[in-house]
Amino acid sequence: MRRWIAGVAAAAAMVLGTGPIAAGAGVRLTGAGATFPQPLYEAWVAEFNRTHPDVAIDYQPIGSGGGIKSITDKTVHFAGSDAPMTRKEQDGAGGAANLVQIPSVAGAVVPAYNLPGVEKPLNFTGPILADIYLGRITQWNDPRLVEINPGVALPDRVISPVYRSDGSGTTFVFTSYLAGQSEEFSSAVGSGKSVSWPVGQAGKGNTGVAQLVQATAGSIGYIEHNFASANAIAYGAVKNAAGKFVRATTESVSSAGSGAAERFTGTVLAADIWNQAGDGAYPISAFTYLIVYKDLSNLPSREHAQAMVMFLRWAVSDGQAAAAKRDYAPLAAPVRARVVSALDQLTYKGEPLGPSKK
Amino acid sequence: MSRGTTAPTPPGPADPGQTGGTPLKLRLGVVSGDLALGLLCRGAAALVLLMLVALVGLLGHAALPSLRAFGADYFTSAEWRPNELTRPLRGPDGRVVVVDGERQTETLPPRFGALPVIYGTVATSLIALVFAVPLSLGAALFLVRVAPRWRAAAPVAFLIEFLAAIPSLAYGMWGAFVLVPFLGRHVEPLVFRALGDVTWLKFLFYRDNPVTGQSIRIPLEGRDMMAGGLILAIMILPIVTAVARDVLRAVPRSQIEGSLALGATWWQSSRAMLRYGRAGLFGAVMLGLARAAGETMAVTLVVGNRVEIVPSPFASIQTMASLLANQFNDPVTEVHRSALIGVALILLVISLLFNIVARSLVVGGQSRTALSD
């Protein structure tokens, strides 16, 4: 229903956009998609408006799948998605050659828990998290947890795993990471935005998972890093590929994304950044993406297309500092360079929209 | 009520029996007005019916891809897995198949079985009935037979009906913050201490881990089928009580007085009343069931949202309405969306059936009593 309303709203905005507004009085851009970056995008729009008061931008947090569907149907000008477009989704929207997909920031998924009496942040490893969610590790004082948490008096308490009941990019990132850490998890649960968990209870959204974790002593749940830190929810460190226990911070998540630039190809930029090398890299990290058509002729006018490009360029340059303030991890410099060169290829009705002003 | 004020005024042109002296023009206007209103009313009624038909048709059409893809499996499978699963291919001997030194894998497509959510809906609704029906019938009898009409019956009836006006989300919040912790901290551990060692009751407290095959303790944290049933019981109390009260009130005095004249005690005559109105009372229960089956937000917050069948009231479950609230916003694939619409269709058909049966029982029962009144 919300998607339907968003679609109508976006269509209405597009119709209105072709009117006198396009003549230079101001332009309105519409986008829809992932909920995870929505608070950041809202802040970006507000800040961008200070220097560009004639550009109005509207982003509807309807979910990644909804965003990709909306851009495929051309009911929005840009889409946000936590998972990169699959090959099938790219083909549905005209193929990779006609699309530009850029990472906008990186985020992280953290293991949040409720363990009364334990103050020190706990350590976890990928295989241990996988076994907790498989129901193989059921007690907080399991020898494997005790071993990696020296000096912590872990209680004799049952572990209650909590997961997301709705489809989400958070689940996609968490299960993709666990599937890489445990062969049993990979073959029995697998990865995806929504999977079938052998144990645990489910809550809707980050809010629902956080509520369940906070209400249940002995529980553990996976939530987005910025949500956990904004709501002061305790979360642990996770052992990375270099063998170091790292807690999610904007630095450790940015560091996980720094090597991704080498793996980008074409203009549909995508890279999985969980379990990356580097002492400081947080292992359960992922990019969130913005998607537009390479030729912006689906926008009502050249002014709209120029405003779109201006906003995207601003977001990956000046916007990155605003991201860090809100616990979203900024893109590393090499990634940013690749993003900017992808944005240089945007056109309007075949005409280039000009390279970036450095 | 406006009839009382218009009665003394001379008959207007709208009264067809008194139009002898009015001009022809006016009479024509009246006739065409009647015609227009008649058509309008028929059109409105037809439109309402058409909307229902269109709704069922549209849902059916949208659910078709999943029904076609899964067939009977959609109704009989207990697995709800929106993601693709790639796992090592195992031969008949249970060992991983290796070809040219390379381990072979198989990919299982997503699978959608609606059975767990149908089970969850039926189970929570039945628990709700077990708690709500005796309470409702008791309250209805009290209102009709015991309570002094003005000093108790009216305020009590008002309060019970007031329960129906509380938003569903408020019940859910109360459930999540009061009922669930109460069940999890006090009731369920007590039940476990009392019955946990009884061998043939193991199914109440243990379940199998589908991956490891081990038998594991159900967490007993109160976020389960029982909590869902109790919340629903409170939510359907008002409607069941209100309808049951109307049914009992419609029992003719002659019935009650007849039974009293034959020497029946208060309890025996009450039983005669309940028996007399049983069709209507059953209808009241069905209306409650329809309400329970469609309830969403309150249920989502207390049942633990696990799409699986574990035959224990202390296991987390998922209902049809709650599954839709959780997953319909952003389905993973088109098949997923279609499967969810299929669940909506099942829910619609079930509620429709409950309502039709309930209405026909209540109305049938009342018209019969009205005749003998």
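Q: Which strands form the open sheet in chain A, and in what order?
A: In this predicted model, three strands of chain A make an open sheet, ordered E5-E9-E10, with mixed pairing. Strands are DSSP runs (E, at least two residues) and helices are runs of H or I of at least four, numbered from the N terminus; two strands pair if DSSP finds at least two bridges between them.

Q: Which strands stand at the edges?
A: Strand E5 (123–124) and strand E10 (245–246) of chain A do; each has a single partner strand, so one side of each is left without a neighbour in the sheet.

Q: And in what sense do E9(A) and E10(A) pair?
A: Strand E9 (residues 237–239) of chain A and E10(A) pair in the antiparallel sense, over two bridges. A:Val238 has A:Val246 in E10(A) as its bridge partner.

Q: Before going on, what are the ground rules for numbering and confidence?
A: Residues are numbered from 1 along each chain as its sequence is written, and chains are lettered from A and ligands numbered from 1 in the order in which they are written. Local features need pLDDT of at least 70, side-chain atom pairs count only at pLDDT 80 or more, totals for chains, interfaces and linings use all residues, and side-chain values use heavy atoms, with hydrogens and water left out.

Q: Helix H5 of chain A: how many of its residues are buried?
A: Eight of the nine residues in H5 (126–134) of chain A are buried, meaning under 20% relative accessible area (1.4 Å probe, protein chains only). Among them are A:Ile128, A:Leu129, A:Asp131 and A:Tyr133.

Q: What sits at the start of H5(A), and what comes just after?
A: At the start, a side-chain oxygen of A:Thr125 comes within 3.2 Å of the backbone nitrogen of A:Ile128. Just after the helix, A:Gly135 has a positive phi of about 85°.

Q: Changing topic: how many residues are in contact between chain A and chain B?
A: 41 residues of chain A are in contact (heavy atoms within 4.5 Å) with 36 residues of chain B.

Q: What area do they bury?
A: About 2900 Å² between them, 42% of it on carbon and sulfur atoms; this is accessible area (1.4 Å probe) lost on being put together, summed over both. A:Ser194, A:Pro198 and A:Gln201 supply 17% of what chain A buries against chain B, more than any other three residues.

Q: How many salt bridges across the interface?
A: One, with a side-chain nitrogen of Lys or Arg within 4 Å of a carboxyl oxygen of Asp or Glu as the rule. B:Arg103 and A:Glu183 meet in a salt bridge at 3.0 Å, N to O.

How values were computed: Buried area is the accessible area (1.4 Å probe) that two parts lose on being put together, summed over both. Buried means under 20% relative accessible area, exposed over 50%, partly exposed in between (1.4 Å probe, protein chains only). A polar contact is a pair of N or O atoms within 3.5 Å; within protein, one must be able to donate a hydrogen and the other to accept it, and residues adjacent in sequence count only if both atoms are side-chain atoms.
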